[in-house]
Protein chains: 2
Amino acid sequence: MNRKVAVNLAERSYTVTIGAGVLDQLGPTAAEMGDVQSAAVVSDSNVAPLYGAQAVESLRGAGVGAELITFPAGEEHKSLATCGHLYDALFAISPPIDRRTVVVALGGGVVGDVAGFVAATALRGLRYIQCPTTLLADVDSSVGGKTGVDHATGKNLIGAFHQPGAVLIDVALLASLPDAELANGLAECVKHGVIRDPALLEFIEDRAEEILQRRPDVMAELVERNVAIKAAVVSADEREAGQREHLNFGHTIGHAVEVLVGYGKVLHGEAVSLGMVAACAMAVARGLIEADPARRVEALLKRMGLPVRREGLSADAIWDIMLHDKKARGGQVRMVLPVMLGQVATFEDITPDTVGTALKALRP
Amino acid sequence: MNRKVAVNLAERSYTVTIGAGVLDQLGPTAAEMGDVQSAAVVSDSNVAPLYGAQAVESLRGAGVGAELITFPAGEEHKSLATCGHLYDALFAISPPIDRRTVVVALGGGVVGDVAGFVAATALRGLRYIQCPTTLLADVDSSVGGKTGVDHATGKNLIGAFHQPGAVLIDVALLASLPDAELANGLAECVKHGVIRDPALLEFIEDRAEEILQRRPDVMAELVERNVAIKAAVVSADEREAGQREHLNFGHTIGHAVEVLVGYGKVLHGEAVSLGMVAACAMAVARGLIEADPARRVEALLKRMGLPVRREGLSADAIWDIMLHDKKARGGQVRMVLPVMLGQVATFEDITPDTVGTALKALRP
């Protein structure tokens, strides 16, 4: 029995379907969207050989003409140049795509963001379906409509809000995921627990072994609980004007770590894990939370295979990058900090000193 | 006294202000948008030397930090590559832009479309102000939120719907416009008359001489009447699901003529003029309108300095291009035809033969 989570956004509402084998429902899902002429499945060089044919066959089996177009895997290809190649491929499809063509994003977070942005901008906006293939994409980027690519000066600086028409999360695909990629997604799961749901933290603690073994029923429940949190936050604040900012917990310093170390040299989840440890240390230093809950979060991240210490993070360099983040406002850095487990708030009085103090917690 | 037209789109509503000298209100207009940190004025190599400093000074005078960024003029620069350069320039501004930065599009249709698309996609969407400098942009592209760039395989294939926060139309700028550029805009004015407003056709006929001399008061009234029509159509159908399609009158064959002749070798308005003559001929051939109104439209276009005949338009080539237009649906070509002056309808039974017949009307 598949699990379903609704994302409520008025006329942009959609359903997230979670279960083992749901990729085979891609064709019927596309057909049910109505007035669908054809589909373009966008994937990368890692995922296309594994699941591309399955996706295309499901679409064709439902009477939807489908073509597979791909780009090289890797965060360094999350670029405007890749979009240029994808537009070329999209507009070369015969018969030509039109406004009834649906884009399918088949892959991890990079594929979802890039394909979603191409869908948002081809013919001024095509409908699209997210078929995430990594845990990180399952619980984070596939839901919420954030699309985009990186710019030389920062992550996700070019993009659009464009909600998918449907999201299909096949937890059977997690079986082949490398351990580091699994941990990558688990960082976001811990984040959701810290910002909204202490019971989710308990669930991850209790089922840690089964999660690390990727037991499909446990993964389906884990993904459903996380998607429900993400969906609730996004439904309340589609364009990040308010509480959606809470999802940035661990990401302000995390993004800066990614920029400093270099995209591709540290996984997003690893950087977010370090960012959460630093943010918790900052919350302890400010007297927002006790040391115990901070230690509990750190222990859980470690149990999930995530780094909680890292050498060589210069406080000055991190601060400089934070100042240039697109979420900074007029040179003011904002950070989301826990006020208790399951609840966070945004703080605007972040100084280089407080960041320096927080970064000390990351020293080996 | 300036003229104002409201574009009603719920929380995306905005006001179009029309008058001689309104470019000097750019600064106060930006400041009134609220929570504005800075502005990036995007212009091209033709317009920036003429009005760039005036725009920047108006902004700074209102306490809004402003930088001017430019790209080479010409339809051939309405491209993803130009966007890449503009993102580079935008993200190099210091202090860094953030979500409170407003983009100003200062120029003709190409600038408005490109700057609007950059605004739609930088930091996942910045607010922007349209300051059109040509009659075509005044009465057509500056209102309605269509943004985008061309792709090698077709016009405006990459883009987004992104409504401006305000539109300032300074009719004093029309004084320096080349005659051919004036005619370019007049084609859209005639179009608006044919699709919605026979009285507008009369106005253009009666004031033809003053229009061709660009008398500011007459131009302000002309622009206001046209913007009112465009605003009403856009308010009723923001995303081109219904009556907004009526604005494509003359554009289906017109776009094909542009592609066939080559962008930059025929002005948009010239192509649309030919497209309207052909569409009227098609309407006469189908018995939708009499020959008299078709002749009247043709005479008015000619009076406005627009071409109504052109050699060397192969019907086969035009048809092939029409089939690949993004507005074609699954290989079906749709055309907007007049059923009387001031009223049009969309027809889906367009065949190569009917296009061939219509194109005969364009033979010298």
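**Figure 1. Helix α3(B) passes helix α4(B) in a right-handed crossing.** A crossing is right-handed if the near helix is turned clockwise from the far one by less than a right angle, and left-handed if anticlockwise. Helices are DSSP runs (H or I, at least four residues), strands likewise (E, at least two), numbered from the N terminus. The model is predicted: local features need pLDDT of at least 70, side-chain atom pairs count only at pLDDT 80 or more, and totals for chains, interfaces and linings use all residues. Residues are numbered from 1 along each chain as its sequence is written, and chains are lettered from A and ligands numbered from 1 in the order in which they are written. In chain B, α3 spans residues 80-92 and α4 residues 109-121; they pack at about 55 degrees with axes 10 Å apart. Axes are lines fitted to C-alpha atoms, for helices over the stretch in contact, and angles run from 0 to 180 degrees between N-to-C directions. The angle makes α3(B) oblique to α4(B) (under 35 degrees is roughly parallel, over 145 roughly antiparallel, 65 to 115 roughly perpendicular, the rest oblique). From α3(B), B:Thr82, B:Cys83, B:Leu86, B:Tyr87 and B:Leu90 make the contact; from α4(B), B:Val114, B:Phe117 and B:Val118. Contact means C-beta atoms, placed from the backbone, within 7 Å. Seven of these residues are nonpolar, one is polar and none is charged (nonpolar: Ala, Val, Leu, Ile, Met, Phe, Trp, Tyr, Cys and Pro; charged: Asp, Glu, Lys and Arg; polar: the others, Gly among them).

**Figure 2. Chain B touches chain A.** The contact takes 30 residues from chain B and 31 from chain A. On the chain B side, α3, α4, β7 (146-151) and β8 (154-161) each supply at least two residues. β8(B) gives the largest share, five residues. This side of chain B divides into 13 nonpolar, 11 polar and six charged residues.

Figure 3. A:Pro95 sits in the loop between α3 (80-92) and β5 (101-107) of chain A. B:Pro95 lies in the loop between α3 and β5 (101-107) of chain B.

**Figure 4. A:Asp35 has a positive phi.** Phi is about 55 degrees, although A:Asp35 is not a glycine. The residue is found in the loop between α1 (26-32) and β3 (38-44) of chain A. A:Asp35 is exposed, with 10 other C-beta atoms within 10 Å (buried: 20 or more; exposed: 12 or fewer; partly exposed: in between; C-beta atoms are placed from the backbone).

Notes:
Two residues are in contact if their C-beta atoms, placed from the backbone, lie within 7 Å.
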